[in-house]
Amino acid sequence: MPNAAAPAAPPDAEILDREMLLHRVGGDLELLSEIIDLFFEEAPRLVAEIRAALAQNDSPTALRSAHRLRGAAGDLSALRIAALAAQLESRGRQGQWGDAPVFCPALDSEIARLRPLLGTLVRKKAA
Amino acid sequence: MRILIADDDPITRRLLESSLAQWDYEVTATRDGQQAWQALQRLGTPPPLLVLDWLMPGIDGVELCRRIRQTPDLQPAYVILLTSRGHRQDVVEGLEAGADDYVTKPFNPDELRARIQVGVRVMKLQWILADRVKDLEGALQRVNQLQGLLPICCYCKKIRDDGNYWHQVESYIEEHSGVHFSRGVCPECMEKMKGQVETAAGF
C-alpha cells in the first residue's frame, strides 16, 4: 500500500519512457548499456558545466550545455530531464537566466532518480 | 549504400550508427562538421546519403549542406538534417541551404528509416536518369556524325571524309551510324538489267 503521507514522487513512466528507449536501441541490450554509460558520463558533466557557466555569467556556454543535455536526455527518453533542460534552454534563448540556478539541483536529483530505473531496465531485460 | 553521419552528441551518434548498420547501410560516422567535410574529401566515392546534425561546433549542419551543394563532385547527394523539436525556422533555413529533408531529435527509428528509404528511392531514380542521359548523349553524338555538309561525287556517289579519303556511300554510312545494309535489287534496276542481258544475248 502506498504511504499517503509520503511526498508525491512522479510515477516512473513520467521519468522514463521505457518502450521508446527499447525501441530506439532496437532491443539491443549491449547498445542500451553502452548509451546508458555514455549518458551518465555526459549528463553530470553537462550539469556541472551549466552551473559553472551560470556562476560566470557565460550565457553561450550555459545555453550550449543545456541544449546538449536536452539532446542526450531525449535520446534516452529521460522525459523529466529533457523537459527541465528544454525549459532552461528556452529561458537561455530569451536571455532570461533569472531563476536558472534552481534548475541545477533539480537536474542533479532527476539524474539520481533515473539511475536505478535504467539499471532495472537493463537487468530486467537481461534476465 | 553508404551513409555519412555527423553529430557531436556521442549518444545520438552511437544510436544512429547502430540503427543504420542494422538496416544494412554502410556507415561513416563523424563527430562534427569539420570531420565530416574532411571525410567527404577523403572518400573516393562520395556517400549518396548524409544525415547531419543541425547544431555542431565549427561547421554546423547548414553550412556543411551549403558546401556540399557547391561541390559538383559530391552530387548527387541526399541530405537529411537533424533538428531539435520546435525550431521551425531552422527547418526553412535548412531546406533553403539545400537539405532534402529533416528529422527532429530525439529521432524515432521508424520515421528515420522511412525517410532514409525515400532518400534511397530518390538517389536510385537520379542514377537511372543519369544513365539514360548518358545513353542519349552517346546516341546523339552518333547521329551528329551524319549531320552537316557531306561532299559527294556526282558520278560514282562516293563520299569524301575529313581526311580527304573517298568512301563508298554504304561503307561511309555504316561506319558513321548504327545502320547495316542488306543488299538487294530494286524493280526499276531489275528491269534495266533484264534489258541489258537481253541485248547482250541478242534477243
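## A buried glutamate in chain A

E42(A) is buried, its relative accessible area being 9% (buried means under 20% relative accessible area, exposed over 50%, and partly exposed in between, with a 1.4 Å probe and protein chains only).

E42(A) is buried, with 9% relative accessible area (buried means under 20%, exposed over 50%, partly exposed in between, with a 1.4 Å probe and protein chains only). In this predicted model, the side chain of E42(A) forms a salt bridge with that of R45(A), at 2.6 Å from N to O (a salt bridge is a side-chain nitrogen of Lys or Arg within 4 Å of a carboxyl oxygen of Asp or Glu).

## Basis of the values

Residues are numbered from 1 along each chain as its sequence is written, and chains are lettered from A and ligands numbered from 1 in the order in which they are written. Local features need pLDDT of at least 70 and side-chain atom pairs count only at pLDDT 80 or more, while totals for chains, interfaces and linings use all residues; side-chain values use heavy atoms, with hydrogens and water left out. Helices (H or I, at least four residues) and strands (E, at least two) are DSSP runs, numbered from the N terminus.

## The contact of chains A and B

Chain A contributes 21 residues to the contact and chain B contributes 19 residues, where contact means heavy atoms within 4.5 Å. Together the chains bury about 1,700 Å², of which 58% is on carbon and sulfur atoms; buried area is the accessible area (1.4 Å probe) that two parts lose on being put together, summed over both. R24(A), R68(A) and D75(A) supply 31% of the area that chain A buries against chain B, more than any other three residues.

Two salt bridges are found across this interface, and E34(A) is joined to R14(B) by a salt bridge with an N to O distance of 2.4 Å. A network of salt bridges links E42(A), R45(A), E49(A), R68(A) and D8(B).

## Salt bridges within chain B

Over all chains, the whole structure holds 22 salt bridges. D7(B) and K105(B) form one with their closest N and O atoms 3.3 Å apart; D7(B) lies in the loop between β1 (2–6) and α1 and K105(B) in strand β5, so the pair ties together parts of chain B that are 98 residues apart in sequence. Both D7(B) and K105(B) are buried.

In helix α7 of chain B, E191(B) and K194(B) are three residues apart, about one turn of the helix, and their salt bridge has its closest N and O atoms at 3.7 Å. K194(B) is partly exposed, at 45% relative accessibility.

## Backbone features

The peptide bond between Q75(B) and P76(B) is cis, with omega about -10°, and P76(B) is found in the loop between α3 (61–69) and β4 (78–84) of chain B. Another cis peptide bond runs from K105(B) to P106(B), with omega near -5°.

N57(A), although not a glycine, has a positive phi of about 55°; this residue is found in the loop between α3 (29–55) and α4 (59–75) of chain A and is exposed at 70% relative accessibility.

## Cysteines

There are zero disulfides over all chains, a disulfide being a pair of cysteine sulfur atoms within 2.5 Å. The sulfur of C186(B) is 3.5 Å from the closest cysteine sulfur, in C189(B), which is too far for a bond.
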